[in-house]
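Hi everyone, thanks for coming. Let's have a look at this one together, and please keep the picture in view while I talk.

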Amino acid sequence: MTIRFNPRWLLVPILLLSLQFCRAQQIVLPSNISFDLGTSGAADTQLWDLGGNYNLDMLVVNNRGNATEVRLAFILIQSASGKLSSPTNALDDAAEMDIGDNSVFTVFPRISGKVTGSGGVAHVHFTIRLSGSGTMAGQPVSSLNGSLTFDAETDPSTGLLTATKDCKFSANFAKSISISGTAHDVTTPLPNGANATWNLSLQLAGLSKLVGTGIITTPSRPLGLDLSGNLKNAVATVRARGADDVANTVPGARGLTATLKLADPFDNVFFKGKLLGQKFVFSFPEEQ
């Protein structure tokens, strides 16, 4: 008895498998994807990293119309979630407050507040509580306690942090001396390099399931991301979470969150997330 083997019935599944394989081969996910964001041509992508050294120079006017010039230097720390604070090391935290007329104080600012915002504009609200000692009109003053409330927003056209409300200032000195009032139209230069530009770099690996790491680089620091997601129908959907264990980054990224979609050939991104307290929803480059 002769058994004849007819392979024609295998041709259809083999052909389908070949076509699927060819389609899969056409989608090449780059190992490194990078976007330069926050330029003036893409204002809604601007990210403000506002930590650094500040100098406020303001004219405090009391309810009688008397004015006192107050100059205050301090360091601002911005967390990945947008929380504002001051250094906890006393040696780093010592600052100077000058109220004119040979009146200079060494103060220790304690800052609490937050950064919010969207559409490329950051809104800032914080209170500085002051304590210290110094000299007033050349005479020693053993103690000082005061506070300053500041509401402002970023102005990319001037590079300034501009108050959106009158600043409220008060200071109580020894011997029942005090200064209190409001300051109008207060502005302060942003720390060196704070220009809202940033880079988003992604390193991804996998077939249908994706894993990897990312880095958000502002002018002042690189912050790490853990990445996970999937690749389906030539679209990569990636979830990003701040992480402190990514190589070549600094601690303090926890609080960054985002979802990204990247379509083949992966030279564009849809981004939705919250970074440094600011909310983002944008496509880059923008669709024409």
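Let's start with salt bridges: the count here comes to four, taking a salt bridge as a side-chain nitrogen of Lys or Arg within 4 Å of a carboxyl oxygen of Asp or Glu. One of them pairs arginine 221 with aspartate 49, with 2.9 Å between the closest N and O atoms. That pair links distant parts of the chain, 172 residues apart: arginine 221 lies in the loop between strand 15 (209-217) and strand 16 (222-232), and aspartate 49 in the loop between strand 1 (32-37) and strand 2 (52-61). Strands, by the way, are DSSP runs of E, at least two residues, and helices are runs of H or I, at least four, both numbered from the N terminus.

Are arginine 221 and aspartate 49 buried or exposed? Both are buried, where buried means under 20% relative accessible area, exposed over 50%, and partly exposed in between (1.4 Å probe, protein chains only).

Now to arginine 71. Its side chain meets glutamate 69 at 3.0 Å and aspartate 98 at 2.9 Å, N to O. Aspartate 98 sits in strand 5 (residues 95-98) and arginine 71 in strand 3 (residues 67-78), 27 residues apart. Shared partners join Glu69, Arg71 and Asp98 into one network. Aspartate 98 is buried at 17%, while arginine 71, at 29%, counts as partly exposed.

Stepping back, the chain has two helices and 20 strands, and 40% of its 288 residues count as buried.

A note on method: this is a predicted model, where local features need pLDDT of at least 70 and side-chain atom pairs count only at pLDDT 80 or more, while totals for chains, interfaces and linings use all residues. Residues are numbered from 1 along each chain as its sequence is written, and side-chain values use heavy atoms, leaving out hydrogens and water.
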